[in-house]
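Keep the viewer open and try each one before reading on.

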Amino acid sequence: MNLLKVLSGRLEVIDDSTSSSDLVNRLVAVGPTEESLHLVELDNLVKRHYQWLTCLPRVRPFYAIKSNNDPAVVETLALLGCGFDCASKGEVQRVLDLGVPREAIIYAQPAKTIEGLLFARERNVRTVFDCELELRKIQQYYPEAEVLIRFRFDAKDAQAQLGTKFGCDPDEEARWLLDLAKQLNIKVVGWCFNAGSGCTDGKIYYEAIKKGRQITDYAESIGFNFWYLDLGGGYLGDKGESLAEHAVHINKALDEFFPEKPGLQVIAEPGRYYCASVVTSVVPIHGKRVFHNSKNRDQVDHIFYYLNDGIYGSFYSAKYEGQKVLPIVWKSTDECGPIRRTTLFGPTCDGNDFFAQGIELPELQVSDFLVFENQGAYSHVTACRFNGFNLPKSVVFIRRSVWHLLEEVAMEQSSPKKLVLNSSYLQNNSDMQNIKFR
């Protein structure tokens, strides 16, 4: 597949001087639409890739496709040589269809369907386990598999602690499972963990890798050869958030517990890190309801705004997973009303379809817009068409110098690490920082 040609049909190439604000103004100028708009800036995606390669030179990124499966995002990362963390047969098939080699895929779902497991066997894709029954299922349906043992190591501050569902106890249970794998003649080649989505504590990775060393030592004592380490996900991705602090702890732990040696592979499963800052939601106000004080009609106590996007669209995570909601008011003029207590509702008939309650905003009018940055992770992928409303529509842009970079990658089939360093735009990216009201 010619990824560059396919990608070129999904986006518009724009001048490097075009700011994010310019692009929002362009979408707002069209006026309110039935669907909400996702402004997708692929430059931020490529910039994140550059930062990963710089900060974590020993760790190959396997993008968690579940975080944002927009075709432009997935195809760009495939073009850049990313691996992929897949959670289903469908995700594995999708990246294989893009020409991603099976070695660059981890089927990281600890509880796979039998059909999915048979498909992984057919395609010779690595997978994981975290309990006895999954191990026995692998032995029955994919006995020659290369597998990783997933252990639990949650960060207390994580936005979503994934260990509540997956991951074995890293001490006694992990040893027992490795003993069983040995008896079943299963080829365990390494370990994996996930600190949890949106982890701010970089030190947890040092401790998890240290624990991984203990698991490795035990595995090797009973005859396994561990050469594949998976550091999972949890890396922050909003604008202004850096990978640097996490990288210090990860690099230190790898150097201390797993010094480089031939054949050792280290991967991670960043999702939010790559895609969160790539998308900005541009949302019009379609309706408004004003609540006056019961004793003084001239006093406004609360305003409801009805938007064309809500928890069944882009804002499920804002409602249920603690995602920050920081609306930017976007008006054609600078005139806003007084600050009011405000609740933002989505378009459906569900009374629970709100994602910001009691926040303060200047009073707005129907057809004004609200803009939300950092909406690329776990937004579009969780959307559905409840009540028949449209899914968010992606409008994709890329700056010219970054597009030329991708052309060079496609033409020369050379290392992205060398190529991304040539783009000055990646280090001088204009965005909407410090904008409050327009």
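This is a predicted model: local features need pLDDT of at least 70, side-chain atom pairs count only at pLDDT 80 or more; totals for chains, interfaces and linings use all residues.

**Exercise 1. Find what lies over the face of Phe224, and at what distance from the ring centre.**

Solution. A charge sits over a ring if NZ of Lys is within 6 Å of the ring centre and within 35 degrees of the ring normal. Now try Phe354: the charged end of Lys319 sits over this ring, 3.2 Å from its centre.

**Exercise 2. Classify the aromatic pair of Tyr63 and Tyr274, and work out which parts of the chain the pair ties together.**

Solution. Two values are needed here: a pair of aromatic rings is described by the distance of the centres and the angle of the planes.

- Step one: the centres of Tyr63 and Tyr274 are 6.0 Å apart, with 85° between the planes.
- Step two: planes over 60 degrees apart count as edge-to-face, and that is the class of the Tyr63 and Tyr274 pair.
- Step three: Tyr63 belongs to strand β3 (residues 60-64) and Tyr274 to helix α11 (residues 272-275), so the pair ties together parts 211 residues apart in sequence.
- Step four: both Tyr63 and Tyr274 are buried.

The whole structure has 25 aromatic pairs.

**Exercise 3. Decide how the rings of Tyr306 and Phe345 are arranged, and whether each residue is buried or partly exposed.**

- Step one: the ring centres of Tyr306 and Phe345 are 5.7 Å apart and the planes lie at 35°, so the pair is tilted.
- Step two: Tyr306 is in strand β12 (residues 300-307) and Phe345 in strand β14 (residues 339-345), so this pair ties together parts 39 residues apart in sequence.
- Step three: buried means under 20% relative accessible area. Phe345, at 13%, counts as buried, while Tyr306, at 27%, is partly exposed.

**Exercise 4. Describe the salt bridge between Glu134 and Lys112, then the one between Glu363 and Lys288.**

Solution. Take the bridges one at a time.

- Glu134 and Lys112 meet at 2.9 Å, N to O. Glu134 is in helix α7 (residues 132-141) and Lys112 in the loop between β5 (105-107) and α6 (114-123), 22 residues apart. Glu134 is buried at 4%, and Lys112 is buried at 3%.
- Glu363 and Lys288 have their closest N and O atoms 2.8 Å apart. Glu363 is in the loop between β15 (354-362) and β16 (369-372), Lys288 in strand β11 (residues 279-292), 75 residues apart. Glu363 is buried at 15%, whereas Lys288 is partly exposed at 25%.

The structure holds 25 salt bridges, and a network of them links Glu41, Asp43 and Arg399.

Methods. Residues are numbered from 1 along each chain as its sequence is written. Side-chain values use heavy atoms; hydrogens and water are left out. Rings of Phe, Tyr and Trp (its six-membered ring) pair if their centres lie within 6.5 Å; planes under 30 degrees apart count as stacked, over 60 as edge-to-face and the rest as tilted. Helices (H or I, at least four residues) and strands (E, at least two) are DSSP runs, numbered from the N terminus. Buried means under 20% relative accessible area, exposed over 50%, partly exposed in between (1.4 Å probe, protein chains only). A salt bridge is a side-chain nitrogen of Lys or Arg within 4 Å of a carboxyl oxygen of Asp or Glu.
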